[in-house]
Amino acid sequence: MTRLEFIEQHEQVLISCAMNGISVGDWRKAEIYRYVRKLQADGNKLDYCVRKAVIKYAVSEASIWRILKSMDQPLTINV
């Protein structure tokens, strides 16, 4: 598959991502989000979960809080 074929096949998804400010690198943020929410679901306090993510992913605490806030934002879906 070429880049062009990939873009043509996933055009609507790519348009929706662009409309919602989702970049290709956001998969990493989603990984961090899932990690924090899993720790929280296991019964840990959110502050503890954020601190564990800071250590595991080597990002700032403020970045983790921004990720949590941004991943909970509603989307505009282009149909």
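A pocket, as I use the word here, is an open set of grid points with protein on both sides within 12 Å along at least five of seven lines, and its lining residues have an atom within 4 Å of a point. I'm working from a predicted model.

**Entry 1**

I started with the largest pocket and got a volume of about 240 Å³. I listed the lining residues as Asn-20, Gly-21, Ile-22, Asp-26, Lys-29, Arg-66, Ile-67, Ser-70, Met-71, Gln-73, Pro-74 and Leu-75. Sorted by class, I have five nonpolar, four polar and three charged residues in that lining.

**Entry 2: H3 on H5**

Next I looked at how those two helices pack. H3 covers residues 26-41 and H5 covers residues 61-71; their axes come within 9 Å and cross at roughly 95°. I noted H3 as roughly perpendicular to H5, because an angle of 65 to 115 degrees counts as such. From H3, the contact uses Asp-26, Lys-29, Ala-30, Ile-32, Tyr-33, Val-36 and Arg-37. H5 answers with Ile-64, Ile-67, Leu-68 and Met-71. My class tally for this contact is eight nonpolar, no polar and three charged residues. Asp-26 and Lys-29 of H3 sit in this contact, and I have them in the pocket lining too.

**Entry 3: H3 on H4**

Then I checked H4, residues 46-57, whose axis comes within 9 Å of that of H3, with a crossing of roughly 140°. I wrote this pair down as oblique. The crossing is right-handed. On the H3 side I see Arg-28, Glu-31, Ile-32, Tyr-35, Val-36, Arg-37, Leu-39 and Gln-40. On the H4 side I see Leu-46, Cys-49, Lys-52, Ala-53, Lys-56 and Tyr-57. These divide into eight nonpolar, one polar and five charged.

**Entry 4: H4 on H5**

At what angle do H4 and H5 pack? I get about 115°, with the axes 9 Å apart. H4 passes H5 in a right-handed crossing. The H4 residues in contact are Leu-46, Asp-47, Val-50, Ala-53 and Val-54, and the H5 ones are Glu-61, Ile-64, Trp-65 and Leu-68. I count seven nonpolar, no polar and two charged residues.

Terms used:
Residues are numbered from 1 along each chain as its sequence is written. This is a predicted model: local features need pLDDT of at least 70, side-chain atom pairs count only at pLDDT 80 or more; totals for chains, interfaces and linings use all residues. Side-chain values use heavy atoms; hydrogens and water are left out. Axes are lines fitted to C-alpha atoms, for helices over the stretch in contact, and angles run from 0 to 180 degrees between N-to-C directions. Helices (H or I, at least four residues) and strands (E, at least two) are DSSP runs, numbered from the N terminus. Angles under 35 degrees count as roughly parallel, over 145 as roughly antiparallel, 65 to 115 as roughly perpendicular and the rest as oblique. Contact means heavy atoms within 4.5 Å. Ala, Val, Leu, Ile, Met, Phe, Trp, Tyr, Cys and Pro count as nonpolar, Asp, Glu, Lys and Arg as charged, and the others, Gly among them, as polar. On a 1 Å grid over the protein atoms alone, a cavity is a set of points where a 1.4 Å probe fits but cannot get out, and a pocket is an open set with protein on both sides within 12 Å along at least five of seven lines; lining residues have an atom within 4 Å of a point. Grid points are joined across faces, edges and corners, and a volume is the space filled by probe spheres set on the points. A crossing is left-handed if the near helix is turned anticlockwise from the far one by less than a right angle, and right-handed if clockwise.
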